[in-house]
Amino acid sequence: MKKSKNRKGQAVVELSLVLPIFLLVVIGIFDFGRALHCWSSLNHQCVQAARAASKRSNQLIARNLFLSTTHTSLANVKKVFWESRSPIMSESDYDNINWENTGIGTNTDTVTVSASFNLTLMTPFIASMIGNNGSNNGAIKLYASATEKKE
């Protein structure tokens with residue numbers, strides 16, 4: 001079969017049409033993986049902090065009392081939260097961290113730790129479609145919360 005001289009640039013034209021779409025899909029998959037990792041890490045942080053706040057530090061005192069000596073301090077709960085942070089998550093991107101009923105002297109039987117994280121997407125097209133939440137253009141807000149019953 002004889003090759004035509006008109007078909008010399010066909011591969012280059014096909015590549016120029018398909019390559020941008022292919023790169024958008026690949027980087028979109030990367031963004032989705034980052035979002036899943038950040039949400040999972042944020043959820044892990046909340047669970048670890050809630051567990052630290054719910055542990056009874058002194059087992060010898062009555063189980064129905066929540067005194068200054070029975071549970072850990074709020075500073076220790078915050079320390080556990082930040083120790084569980086993923087290295088790819090910047091501390092400046094955290095938002096609305098709530099420590100409900102944590103710390104010494106709270107007379108409730110549950111602890112709730114909740115937080116949100118602003119994740120900036122790398123794909124400009126996807127970021128412009130789903131990431132317009134007010135002033136954080138190109139970012140999505142991830143939420144996590146954990147509730148534990150005190151020991």
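Modeller: Accessible areas come from the Shrake-Rupley method with a 1.4 Å probe, and for residues only the protein chains shown count as cover. This is a predicted model, in which local features need pLDDT of at least 70 and side-chain atom pairs count only at pLDDT 80 or more, while totals for chains, interfaces and linings use all residues. Residues are numbered from 1 along each chain as its sequence is written, and side-chain values use heavy atoms, with hydrogens and water left out.

Colleague: What share of the accessible surface of the protein belongs to carbon and sulfur atoms?

Modeller: The accessible surface of the protein comes to about 9800 Å². Of this surface, the share that belongs to carbon and sulfur atoms is 60%.

Colleague: In what order do the elements of the protein run from the N terminus on?

Modeller: Helices (H or I, at least four residues) and strands (E, at least two) are DSSP runs, numbered from the N terminus. The protein has three helices and five strands, and their order is α-α-β-β-α-β-β-β.

Colleague: Is serine 86 buried or exposed?

Modeller: Serine 86 has its place in the loop between helix H2 (74–83) and strand S1 (94–100). Buried means under 20% relative accessible area, exposed over 50%, and partly exposed in between, with a 1.4 Å probe and protein chains only. Because the relative accessible area of serine 86 is 8%, this residue is buried.

Colleague: With the side chain of which residue does the side chain of serine 86 make a polar contact?

Modeller: A polar contact is a pair of N or O atoms within 3.5 Å; within protein, one must be able to donate a hydrogen and the other to accept it, and residues adjacent in sequence count only if both atoms are side-chain atoms. At 2.8 Å, the partner of the serine 86 side chain is the side chain of histidine 37.

Colleague: Which residues form the aromatic cluster?

Modeller: Rings of Phe, Tyr and Trp (its six-membered ring) pair if their centres lie within 6.5 Å, and planes under 30 degrees apart count as stacked, over 60 as edge-to-face and the rest as tilted. By this rule there are five aromatic pairs; one of them is edge-to-face, joining phenylalanine 81 and tyrosine 94 at 6.0 Å centre to centre with 75 degrees between the planes. This pair links helix H2 to strand S1 across 13 residues. The one aromatic cluster is formed by Phe81, Trp82, Tyr94, Trp99 and Phe117.
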